[in-house]
Amino acid sequence: MEKNIFKYELCGKDLIVEVGGMAKQANASVLVRYGDTAVLSVAVMSKNKSNADFFPLTINYQERLYSVGKIPGGFIKREGRPTENATLGARLIDRPIRPLFADGFRNEVQVINTVLSVDQDCSPELSALFGSSLALTISDIPFLGPVAGVTVGRVDNKFIINPGIEELEKSDINLTVAGTMDAINMVEASCEQTSEEDVVDAIMFGHQQIISLVEFQEDIRKKVGKEKVVVELKSIDENLEKEIIDFCSLPLREAIMIKEKIKRYETVEQVYADTEKYFEEKYHDSEDLATLIKEVKNVLNTTEGHIIRDLILNEGIRPDGRAMDELRDLSAEIDLFEKTHGSAMFTRGQTQCLSVTTLGALGEHQILDGLGLEEEKRFMLHYNFPAFSVGETGRYGPPGRREVGHGALGEKALLQVIPKEEEFPYTIRVVSEILESNGSSSQASICAGCLSLMAAGVPIKEMVAGIAMGLMSDGDNYKVLTDIQGLEDHMGDMDFKVAGTKNGICAMQMDIKIKGVTSQILLEALKQAKEARLQILEVMSNVISTPRKSLSKYAPKVEQININPEKIKDVIGRGGEMITKIILDCSNVKTVNDKMAVKVDIEDDGRVIIYHSDQSIIDKTKKMIEDVVREVEIGKVYSCKVVKIEDFGCFVELWPGCEGLIHISQLDKKRVEKVKDIVRVGDELIAKATGYDKKGKLNLSRKELLK
């Protein structure tokens, strides 16, 4: 296959697609160049249908540090497990693409994106999304796309498509939206308390550009696209399907209507078990009994979904009896543990999150070894989802894609209200432990995280709460659901998470299982979410209404001073000698790594931040540093101590680190034969600073103060 090149101008930059030049043994591959960013996207499909009960789709986003001219840090000089950003990049691509495959499609598909070069103003993630969609579109894989995505910013009240780094710094919206020609199917955003109407306008503004990118992909498909292969979709005998539905529908409906989650799940499981047992006994002589039982399970699952949809869409009934816009029971509490810096628990129905905030020195920030310009971050939110939270056993180990994604969303929401480093010079870590889950645990993490920050005394700008919205649609009719539980999420068409303050939206994330949603549905969902958010904020404010004015006695106290940046070298000393001496002397420890040692962070702009739980140690450290950088004023009188005697005069110490010379001629008004006749080592006296010699040494005079 010869190489074909296609060009499109996107926001003043060339989007160049090369087809047929690389990875030619795959079903399809494209090299996408956007500005100086380059991503290779490759799509491959298995020839055989999988026996799995789900569509086995894998989408990878592989960062290569050579793309930004870096060598990996650490001992092993090669890329290892995906970074958090790479995991989020893979999720960003997966979410809009996954719904665009036919029901029953079971051939394994892999889409591998390798980042080869990065231009910081041209998103490699969105380039990979475009490349993934295009590779699937021109391949013989039966993909129902194409799809594309853009970032929308807003500067001076004007929307911008794919803003650069400098523009994003000025923007109050950072919204990534993906969709097809007809509708939106993925949204990810962080906003500075933006109104619902403005967010919808930004989404629809982005969709206009998406339409053009989809048309560009269709033009390429017409020229180089392969004919789609016909694959066997997973299906079941219609007569058997009807027999299963007739047997299970009524008991399944009764089980679904049980309000209490555990009892409902147990009853639903019993219906499944009874149905499987009945058909296993009836068709015990079937040639492939195992496959038949698997089909029974699939029909049961589908029937359960149809019943829930029918209840909500046609009868206006949710499984737990709530109204469409009704929240589950809410409760919150703080200060659960004595030794932690801040703790809180938030419960919404059968979803419960424990959140703990820890404060540390700025030097404890997270170091990032990735493709972006950001090298560190001082605010982190980590989300843990143990199997016991849903009453199951499971794998325990490093965080998976779900944990990373939910943690990033919570971090994005709360980051909007975190005080700047200059106002609150701490590294801040929030950990969310999900203790129970029945839907919307990521949003419970935001509520609990906000409460724990306030309990810890972090002066956040506003209180933040989150809520998850759902959707049931049959194509003609739809219902927007507030505060979806697990069953409605699993069987529904949309999971729309919205977090914000009383003033507006801070973060949101939308995933759907249908081909897309309209602006009308988006606006309705956002308005319903705002009503719910205000109710949640009221419950939270009843527990703690403003951040505490003081920190926990176990949290490190902090004091910040500013010094002349030229004096930083003096504070550090040769090989760190001076700062080490200060830390050891003030903390009364033997090593700077001792947990009781005072922490000192020195910034390039001259900020010196001192941390310790004991204020007296902070005060002592501060004085020693101020003494090191303190400058002598010529003509001023100082108290000083004799530290050394020479034939030509004596050396005196004005304060630790500052010495000067009183020449023998400046010791007394009368002639002095020997220095020892006037002073001895250890004597304290007063002297006047008279200036510096050619070598920069300080000179003082005792003589000028004598009458």
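This is a guided tour of a predicted model, stop by stop.

**Whole chain**

Start with everything shown. The protein chain holds 14 helices and 29 strands. Its C-alpha atoms fill a box of roughly 125 × 60 × 50 Å along the principal axes. Colour by accessibility next: buried residues make up 51% of the 707 residues.

**Strands 2 and 3**

Select glutamate 18 and arginine 33. They form a salt bridge, with the closest N and O atoms 3.0 Å apart. Glutamate 18 belongs to strand 2 (residues 13–19) and arginine 33 to strand 3 (residues 28–34), so the pair ties together parts 15 residues apart in sequence. Is glutamate 18 buried or exposed? Glutamate 18 is buried, at a relative accessible area of 14%. Arginine 33 is partly exposed, at 35%.

**Helix 1**

Move to residues 84–97, which are helix 1. This helix has 14 residues and reaches 20 Å from first C-alpha to last, close to the 20 Å expected at 1.5 Å a residue. Eleven of the 14 residues are buried, so helix 1 is largely enclosed by the rest of the structure. Among the buried ones are Ala86, Gly89, Leu92, Ile93 and Ile97. The buried set also includes the charged residues Arg91, Asp94 and Arg95.

Aspartate 94 has 10% relative accessibility and counts as buried. Arginine 98, at 33%, counts as partly exposed.

**Aromatic pairs**

Now show the rings of Phe, Tyr and Trp. The whole structure contains 16 aromatic pairs. Zoom to tyrosine 8 and phenylalanine 216. This pair is stacked, at 5.1 Å centre to centre with 25° between the planes. Tyrosine 8 is in strand 1 (residues 4–10) and phenylalanine 216 is in helix 4 (residues 196–224), so the pair links distant parts of the chain, 208 residues apart. Both tyrosine 8 and phenylalanine 216 are buried.

Jump to phenylalanine 424 and tyrosine 426. What is the arrangement of this pair? Their ring centres lie 4.6 Å apart and their planes stand at 40°, so the pair is tilted. Phenylalanine 424 is buried, with a relative accessible area of 7%. Tyrosine 426 is buried too, at 1%.

Next, select Phe55, Phe101, Phe105 and Phe143. Ring pairs link these four into a cluster.

**Charges over rings**

Two arginines are worth a stop. Arginine 402 lies over the face of phenylalanine 385, 4.1 Å from the ring centre. Then go to tryptophan 655. The charged end of arginine 630 sits over its ring, 3.9 Å from the centre.

**Helix 5**

Select residues 238–256, helix 5. Where does helix 5 bend? The bend is at serine 249, by about 45°. A proline, proline 251, follows within four residues. Show the side chains of Leu240, Ile244, Cys248, Leu252, Ala255 and Ile256; these are buried.

**Salt-bridge network**

Which residues make up a network? Select Arg318, Asp320, Arg322, Arg328, Arg348, Asp483 and Glu488, which salt bridges link together.

Continue to lysine 497 and aspartate 495. They form a salt bridge with the closest N and O atoms 2.6 Å apart. Both residues are buried.

**Leucine 362**

Finish at leucine 362. It is found in the loop between strand 13 (351–360) and strand 14 (366–367). Leucine 362 is buried, with a relative accessible area of 4%. Leave aside residues up to four places away in sequence, then show what it touches. The contacts are Arg378, Glu421, Pro425, Tyr426, Thr427, Asp601, Glu603, Ile609 and Tyr611.

Conventions:
Residues numbered from 1 in each chain as written. Predicted model: local features only at pLDDT ≥ 70, side-chain atom pairs only at ≥ 80, totals over all residues. Heavy atoms only, no water. Phe/Tyr/Trp six-rings, centres within 6.5 Å; stacked < 30°, edge-to-face > 60°. Helix = DSSP H or I, 4+ residues; strand = E, 2+ residues; numbered from the N terminus. Buried < 20%, exposed > 50% of the residue type's maximum accessible area, 1.4 Å probe, protein only. Lys NZ or Arg CZ within 6 Å of the ring centre and 35° of its normal. Bend = angle between axes of the 7 residues up to and from the residue. Salt bridge = Lys/Arg side-chain N within 4 Å of Asp/Glu carboxyl O. Expected span 1.5 Å × (residues − 1). Contact = heavy atoms within 4.5 Å.
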